[in-house]
Amino acid sequence: MPELPEVQALAEFLDQRCAGAVVVEATLTNIALLKTFDPQLSEVVGREVAGVGRRGKYLIGTLAGQPPVLLVLH
């Protein structure tokens, strides 16, 4: 399990490279990976990545829009 400094470094790395990018495709490889039904996965396509941060050992990607969508990864 990564330690918090590694997670922070990864969040900063992803934020620098992904902020401002637009999601062009979202594919689900296993239904067990998706923990929500609203919004649907297809609704993230076309949204801009506002930033990537962390909360504890979770990475949180924020997608711009109204309302914003959070992608939480552990």
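**Exercise 1. Determine how β2 and β3 pair, and how many bridges join them.**

Solution. β2 and β3 run antiparallel and are joined by five bridges; strands are DSSP runs (E, at least two residues) numbered from the N terminus, and two strands pair if DSSP finds at least two bridges between them. Five residues separate the two strands of the hairpin, where G65 adopts a positive phi near 135°.

The model is predicted: local features need pLDDT of at least 70 and side-chain atom pairs pLDDT 80 or more, whereas totals for chains, interfaces and linings use all residues. Residues are numbered from 1 along each chain as its sequence is written, and side-chain values use heavy atoms, without hydrogens and water.

**Exercise 2. Characterise the pairing of β1 with β2 and the turn between them.**

Solution. β1 and β2 are antiparallel over six bridges. V49 faces L63 of β2. The hairpin has two residues between its strands, and G56 in the turn shows a positive phi of about 65°.

**Exercise 3. Assign the residues of β2 to its covered and uncovered faces, and classify Y58.**

Solution. In a regular strand, side chains alternate between the two faces of the sheet. The covered face of β2 consists of L59, G61 and L63, and the uncovered face of Y58, I60 and T62. Y58 is partly exposed because its relative accessibility is 41% (buried is under 20%, exposed over 50%, partly exposed in between; 1.4 Å probe, protein chains only). Beyond four places in sequence, Y58 touches G53, V72, L73 and H74 (contact: heavy atoms within 4.5 Å).

**Exercise 4. Identify the members of the largest nonpolar core.**

Solution. The six members are V23, V44, V49, V52, L63 and V69; such a core joins buried Ala, Val, Leu, Ile, Met, Phe, Trp, Tyr and Cys residues through side-chain atoms within 4.5 Å. The contacts of V49 outside its four-place neighbourhood include V23 and L63.

**Exercise 5. Which element gives the most to the lining of the largest pocket?**

Solution. A pocket is an open set of points on a 1 Å grid over the protein atoms alone, where a 1.4 Å probe fits, with protein on both sides within 12 Å along at least five of seven lines; lining residues have an atom within 4 Å of a point. The lining comprises 27 residues, with L41, L70, L71, V72 and L73 nearest the centre. β3 gives the most, five residues.

Key: Helices (H or I, at least four residues) and strands (E, at least two) are DSSP runs, numbered from the N terminus.
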